[in-house]
Amino acid sequence: REEPLLLAELKPGRPHQFDWKSSCETWSVAFSPDGSWFAWSQGHCIVKLIPWPLEEHFIPKGFEAKSRSSKNDTKGRGSPKEKTLDCGQIVWGLAFSPWPSPPSRKLWARHHPQVPDISCLILATGLNDGQIKIWEVQTGLLLLNLSGHQDVVRDLSFTPSGSLILVSASRDKTLRIWDLNKHGKQIQVLSGHLQWVYCCSVSPDCSMLCSAAGEKSVFLWSMRSYTLIRKLEGHQSSVVSCDFSPDSALLVTASYDTNVIMWDPYTGERLRSLHHTQLDPPMDDSDVHISSLRSVCFSPEGLYLATVADDRLLRIWALELKTPIAFAPMTNGLCCTFFPHGGVIATGTRDGHVQFWTAPRVLSSLKHLCRKALRSFLTTYQVLALPIPKKMKEFLTYRTF
């Protein structure tokens, strides 16, 4: 329950050829799934690819990231170097592909030499002009350019299975599904939103896709049939961010109405609301929207949430509590994400900065580990059908808050 400590802050060196202020925002930050790279859209059309852990001079003494133990392994074959990707357009969305890649994909690429070999770790970038650029992380080379969207590509999400299926969300009010194993072929367009689509998230079991637009409802889609499963209604203003728990059993959505809602995506049931109250009351009515949310994300073990709001606070929540367990002051926050091995949260700001904060380190209980393992392959309905005590069913379906 200690307050998050600021580990490091990276600030962009503004390119001389760009003078406009409105394109300096860090709209997206991302860690690669194996924790070896960090991607930062630092504004002015530039994405930085930074090897993780950060170099020693960024990190205070006494803090050791879990992935630091692998650093000695990389020295023998040459340590990876920071790369700068010039995307030519303002960058809004970032997503790393799953890692490592299945051997079958390497075999497929070998028999189809006309298709770029994307059996490596890749980074997808969503741009202001509707384009999606696909980069090879190790070399910084551009592999593919995906065209189809008619407006800003606001968010990107890969299916965690390693199939290289990419979902994109756009201000053109559509989501598009791309198969990077087939030269970036567009395989589906999902329509139905009436406003800009802000966020998309694929469930870890790859069965569902959640999309949030500038609307009060959230759409849940099937990743098997690409059809709408249901709309989740409960927010009072635009929903701007969403994320699935690591076991796919929970979905969280964040809205300008200052609330995070925790849902059961299988039943559509609203399980809990987390309200972002201000620490200091406003002096007048002009601050009525000061707690508008920007981003929400689950921790890798599924016991915590992080939220960023316009009231200049990063909040950390424990899943079973209704009030935050920790706060950190941050100005103009836009996005947040957890390091995949835990212990660190990265946040991006409207000024183009990225900050790294300490996050709670927790040893999951055996009960939670069992629940997480079971819920990774059992739906809520399947759990309810099990011949087990009612209290056990309530625990497994996250109804014991």
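Strand S19 pairs with strand S20 (residues 259-263) in the antiparallel sense over four bridges; strands are DSSP runs of E of at least two residues, helices are runs of H or I of at least four, and both are numbered from the N terminus. Two strands count as paired if DSSP finds at least two bridges between them. The model is a predicted one, in which local features need pLDDT of at least 70 and side-chain atom pairs count only at pLDDT 80 or more, whereas totals for chains, interfaces and linings use all residues. Residues are numbered from 1 along each chain as its sequence is written, and side-chain values use heavy atoms, with hydrogens and water left out.

In S19 (residues 251-255), five of five residues are buried (under 20% relative accessible area with a 1.4 Å probe, protein chains only; exposed is over 50% and partly exposed in between). Leu251, Thr253 and Ser255 lie on one side of the strand, and Val252 and Ala254 on the other.

Strand S8 (residues 132-136) is joined to S9 by four bridges, and Lys133 stands opposite Asn145 in S9.

In helix H3 (residues 366-375), His368, Arg371 and Arg375 are buried. Seen down the axis of H3, the buried residues fall within an arc of 60°, so they line one face of the helix; the arc is that of the directions from the helix axis to the C-beta atoms. Their cover includes helix H4 (380-384) and helix H5 (390-396).

The protein chain averages a pLDDT of 85, and 83% of the residues score at least 70; pLDDT is the predictor's confidence in each residue, from 0 to 100. Over residues 103-116 the pLDDT is below 50, and this stretch has 17 contacts beyond near neighbours in sequence (heavy atoms within 4.5 Å). Residues 282-288 likewise have pLDDT below 50, with two such contacts.
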